[in-house]
Amino acid sequence: QALREAGAAPEAVAAIGVTSQRLGLVFLDKGGGELYSGPNVDLRAAFEGAAIDEKLGQRQYETTGHFPSLLLAPAKLEWFRCKKPDLCARVSTVLSVGAWLAYRLTGELAEEHSLAASLGVLDVARREYAHSLLKQLEFDPALLPPLQPAGAVVGKVTQGAARRMGLKEGTPVTLAGADT
(Lines give C-alpha, C1' and ligand atoms only; values in the text may rest on other atoms or scores of the structure.)
Protein backbone atom coordinates (compact mmCIF):
# COMPACT_ATOMS: atom_id res chain seq x y z
CA GLN A 1 0.00 0.00 0.00
CA ALA A 2 2.81 2.41 0.88
CA LEU A 3 4.53 1.73 -2.45
CA ARG A 4 1.29 2.28 -4.35
CA GLU A 5 0.54 5.52 -2.50
CA ALA A 6 4.08 6.76 -3.19
CA GLY A 7 3.88 5.72 -6.82
CA ALA A 8 7.05 3.68 -6.33
CA ALA A 9 8.02 0.34 -7.82
CA PRO A 10 9.24 -2.50 -5.60
CA GLU A 11 12.66 -2.11 -7.22
CA ALA A 12 12.90 1.38 -5.67
CA VAL A 13 13.21 -0.15 -2.20
CA ALA A 14 16.92 -0.52 -1.41
CA ALA A 15 16.40 -2.20 1.97
CA ILE A 16 13.80 -2.67 4.69
CA GLY A 17 14.44 -1.69 8.30
CA VAL A 18 12.19 -3.33 10.87
CA THR A 19 11.47 -1.90 14.30
CA SER A 20 8.67 -2.55 16.73
CA GLN A 21 7.03 -1.47 19.91
CA ARG A 22 8.98 -2.49 22.98
CA LEU A 23 7.84 -5.30 25.28
CA GLY A 24 5.65 -7.04 22.69
CA LEU A 25 6.65 -10.63 21.99
CA VAL A 26 5.91 -13.68 19.91
CA PHE A 27 6.30 -17.39 20.72
CA LEU A 28 6.94 -19.75 17.78
CA ASP A 29 6.70 -23.51 17.57
CA LYS A 30 9.34 -25.73 15.89
CA GLY A 31 7.72 -25.22 12.50
CA GLY A 32 7.85 -21.43 12.84
CA GLY A 33 4.13 -21.12 13.52
CA GLU A 34 2.87 -18.54 15.97
CA LEU A 35 1.67 -19.85 19.32
CA TYR A 36 1.29 -16.45 20.98
CA SER A 37 1.68 -12.86 19.92
CA GLY A 38 1.14 -10.22 22.56
CA PRO A 39 1.46 -6.45 22.83
CA ASN A 40 3.08 -4.51 25.63
CA VAL A 41 -0.27 -4.07 27.37
CA ASP A 42 -0.87 -7.79 27.99
CA LEU A 43 -0.94 -7.97 31.79
CA ARG A 44 -1.68 -11.68 32.13
CA ALA A 45 1.66 -12.33 33.87
CA ALA A 46 1.11 -9.85 36.73
CA PHE A 47 1.39 -12.49 39.46
CA GLU A 48 4.31 -14.30 37.82
CA GLY A 49 6.10 -10.97 37.39
CA ALA A 50 5.46 -10.03 41.02
CA ALA A 51 6.98 -13.35 42.11
CA ILE A 52 10.07 -12.64 39.99
CA ASP A 53 10.31 -9.12 41.40
CA GLU A 54 10.09 -10.41 44.96
CA LYS A 55 12.79 -13.01 44.36
CA LEU A 56 15.10 -11.31 41.85
CA GLY A 57 13.78 -7.81 41.26
CA GLN A 58 16.96 -5.89 42.02
CA ARG A 59 19.09 -8.33 40.03
CA GLN A 60 16.55 -8.29 37.17
CA TYR A 61 16.75 -4.51 37.00
CA GLU A 62 20.55 -4.27 37.40
CA THR A 63 21.10 -6.90 34.69
CA THR A 64 18.45 -6.05 32.13
CA GLY A 65 17.59 -2.44 32.90
CA HIS A 66 13.91 -3.37 32.97
CA PHE A 67 11.39 -3.48 35.77
CA PRO A 68 8.71 -4.50 36.70
CA SER A 69 8.93 -8.04 35.39
CA LEU A 70 5.24 -8.60 34.61
CA LEU A 71 5.68 -7.31 31.03
CA LEU A 72 8.89 -9.22 30.30
CA ALA A 73 9.36 -12.49 28.44
CA PRO A 74 10.37 -14.65 31.44
CA ALA A 75 7.16 -13.74 33.32
CA LYS A 76 5.01 -14.30 30.21
CA LEU A 77 6.60 -17.69 29.59
CA GLU A 78 6.06 -18.62 33.24
CA TRP A 79 2.37 -17.68 32.91
CA PHE A 80 2.05 -20.04 29.95
CA ARG A 81 3.97 -22.74 31.83
CA CYS A 82 1.45 -22.50 34.70
CA LYS A 83 -1.78 -21.82 32.82
CA LYS A 84 -1.28 -23.43 29.40
CA PRO A 85 1.43 -26.07 29.85
CA ASP A 86 0.60 -27.91 26.62
CA LEU A 87 1.08 -24.75 24.60
CA CYS A 88 4.18 -23.76 26.59
CA ALA A 89 5.78 -27.14 25.89
CA ARG A 90 5.56 -26.34 22.16
CA VAL A 91 7.42 -23.01 22.40
CA SER A 92 10.75 -23.28 20.58
CA THR A 93 11.53 -19.61 19.92
CA VAL A 94 10.84 -16.33 21.73
CA LEU A 95 11.08 -13.15 19.64
CA SER A 96 10.39 -9.47 19.89
CA VAL A 97 7.69 -8.32 17.49
CA GLY A 98 10.35 -6.68 15.31
CA ALA A 99 12.39 -9.89 15.09
CA TRP A 100 9.20 -11.80 14.24
CA LEU A 101 8.40 -9.34 11.42
CA ALA A 102 11.93 -9.75 10.05
CA TYR A 103 11.54 -13.53 10.32
CA ARG A 104 8.28 -13.42 8.37
CA LEU A 105 10.00 -11.39 5.64
CA THR A 106 13.21 -13.45 5.46
CA GLY A 107 12.76 -16.83 7.13
CA GLU A 108 15.83 -15.99 9.27
CA LEU A 109 15.84 -15.84 13.06
CA ALA A 110 17.75 -12.96 14.65
CA GLU A 111 17.25 -10.50 17.48
CA GLU A 112 18.53 -6.94 17.81
CA HIS A 113 20.08 -5.84 21.13
CA SER A 114 17.60 -3.13 22.17
CA LEU A 115 14.65 -5.34 21.21
CA ALA A 116 16.16 -8.20 23.26
CA ALA A 117 16.65 -5.77 26.15
CA SER A 118 12.98 -4.86 26.01
CA LEU A 119 12.13 -8.54 26.41
CA GLY A 120 14.07 -8.57 29.70
CA VAL A 121 16.54 -11.20 28.51
CA LEU A 122 19.65 -9.13 27.73
CA ASP A 123 22.54 -8.33 30.05
CA VAL A 124 22.78 -4.69 28.99
CA ALA A 125 26.31 -4.18 30.34
CA ARG A 126 27.67 -7.14 28.37
CA ARG A 127 25.38 -6.85 25.33
CA GLU A 128 24.66 -10.58 25.44
CA TYR A 129 21.87 -12.76 26.72
CA ALA A 130 21.68 -12.81 30.54
CA HIS A 131 22.39 -16.55 30.83
CA SER A 132 22.86 -16.67 34.61
CA LEU A 133 19.71 -14.66 35.34
CA LEU A 134 17.70 -16.60 32.77
CA LYS A 135 18.79 -19.87 34.40
CA GLN A 136 17.45 -18.62 37.76
CA LEU A 137 14.19 -17.70 35.99
CA GLU A 138 13.97 -21.17 34.39
CA PHE A 139 14.02 -19.52 30.97
CA ASP A 140 16.07 -21.53 28.49
CA PRO A 141 18.34 -19.19 26.48
CA ALA A 142 18.14 -21.71 23.63
CA LEU A 143 14.68 -20.21 22.97
CA LEU A 144 16.37 -17.00 21.83
CA PRO A 145 17.81 -16.39 18.35
CA PRO A 146 21.31 -15.05 17.66
CA LEU A 147 21.87 -11.39 18.48
CA GLN A 148 22.62 -8.94 15.67
CA PRO A 149 23.56 -5.27 15.90
CA ALA A 150 21.05 -2.68 14.73
CA GLY A 151 21.34 -2.19 11.00
CA ALA A 152 22.89 -5.59 10.28
CA VAL A 153 21.28 -7.42 7.38
CA VAL A 154 19.50 -10.42 8.87
CA GLY A 155 18.25 -11.81 5.58
CA LYS A 156 16.56 -11.05 2.30
CA VAL A 157 12.90 -10.90 1.38
CA THR A 158 11.77 -14.39 0.39
CA GLN A 159 9.76 -15.16 -2.71
CA GLY A 160 6.61 -15.78 -0.67
CA ALA A 161 6.95 -12.58 1.35
CA ALA A 162 7.68 -10.63 -1.83
CA ARG A 163 4.50 -11.94 -3.41
CA ARG A 164 2.36 -11.22 -0.32
CA MET A 165 3.80 -7.77 0.34
CA GLY A 166 4.38 -6.50 -3.20
CA LEU A 167 8.12 -6.25 -2.59
CA LYS A 168 11.11 -7.32 -4.66
CA GLU A 169 12.46 -10.74 -3.75
CA GLY A 170 15.98 -10.49 -2.35
CA THR A 171 15.58 -7.02 -0.83
CA PRO A 172 17.85 -6.84 2.26
CA VAL A 173 16.11 -6.69 5.65
CA THR A 174 17.68 -5.18 8.77
CA LEU A 175 16.56 -4.98 12.37
CA ALA A 176 16.52 -1.43 13.69
CA GLY A 177 16.41 -0.58 17.38
CA ALA A 178 13.31 -0.56 19.51
CA ASP A 179 10.82 2.24 18.90
CA THR A 180 11.80 4.20 22.02
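## Legends for close-up views

**View 1. E78 and R81 sit in helix α3, 3 residues apart, which is about one turn of the helix.** Helices (DSSP state H or I, at least four residues) and strands (state E, at least two) are DSSP runs numbered from the N terminus. The model is a predicted one: local features need pLDDT of at least 70, side-chain atom pairs count only at pLDDT 80 or more, and totals for chains, interfaces and linings use all residues. Residues are numbered from 1 along each chain as its sequence is written, and side-chain values use heavy atoms, with hydrogens and water left out. E78 and R81 form a salt bridge, with their closest N and O atoms 2.3 Å apart. A salt bridge here is a side-chain nitrogen of Lys or Arg within 4 Å of a carboxyl oxygen of Asp or Glu. Both residues are partly exposed, E78 at 24% relative accessibility and R81 at 29%. Partly exposed is the range between buried (under 20% relative accessible area) and exposed (over 50%), with a 1.4 Å probe and protein chains only.

**View 2. A salt bridge joins the side chains of E34 and R104 at 2.7 Å, N to O.** E34 belongs to strand β3 and R104 to helix α5, so the pair ties together parts that are 70 residues apart in sequence. E34 is partly exposed, with a relative accessible area of 38%; R104 is also partly exposed, at 30%. A search of the whole structure finds 4 salt bridges. Another of them links R44 and D42, whose closest N and O atoms are 2.7 Å apart. R44 is partly exposed at 32% relative accessibility, whereas D42 is buried at 10%.

**View 3. Strands β3, β2 and β4 form an open sheet in the order β3-β2-β4, with antiparallel pairing.** Two strands pair if DSSP finds at least two bridges between them. β3 (34-38) and β4 (93-96) are at the edges with a single partner strand each, so one side of each has no neighbour in the sheet. From one strand to the next, the twist averages 15 degrees. Strand β2 (residues 25-28) is joined to β4 by 4 bridges, and F27 stands opposite V94 in β4. Helix α3 (residues 73-83) lies across β2, β3 and β4 at about 45 degrees to β2. Helix α5 lies across these strands too, at about 105 degrees to β4. Axes are lines fitted to C-alpha atoms, for helices over the stretch in contact, and angles run from 0 to 180 degrees between N-to-C directions.

**View 4. A second open sheet of 3 strands has the order β1-β10-β9 and mixed pairing.** Its edge strands, β1 and β9 (153-156), each pair on one side only. Neighbouring strands are turned by 30 degrees against each other on average, direction ignored. β1 pairs with strand β10 (residues 172-175) in the parallel sense over 3 bridges, and V18 has L175 as its bridge partner in β10. Helix α5 packs on this sheet, touching β1, β9 and β10, and its direction makes about 170 degrees with that of β10. Contact means heavy atoms within 4.5 Å.

**View 5. Helix α5 (residues 97-106) is mostly covered, with 7 of its 10 residues buried.** Among the buried residues are W100, Y103 and L105. The helix is followed by G107, whose phi is positive, near 80 degrees. S20 is in the loop between β1 (16-18) and β2 and counts as buried at 7% relative accessibility. Not counting residues up to four places away in sequence, S20 touches V97, G98, L115, A178 and D179.

**View 6. D53, in helix α2 (residues 46-64), is buried yet has no salt bridge.** The nearest side chain of opposite charge, K55, is 12 Å away; Lys and Arg count as positive, Asp and Glu as negative, and His and the chain ends are not counted. The side chains of D53 and S69 are joined by a polar contact of 2.5 Å. A polar contact is a pair of N or O atoms within 3.5 Å; within protein, one must be able to donate a hydrogen and the other to accept it, and residues adjacent in sequence count only if both atoms are side-chain atoms. Leaving out residues up to four places away in sequence, D53 touches F67, P68 and S69.
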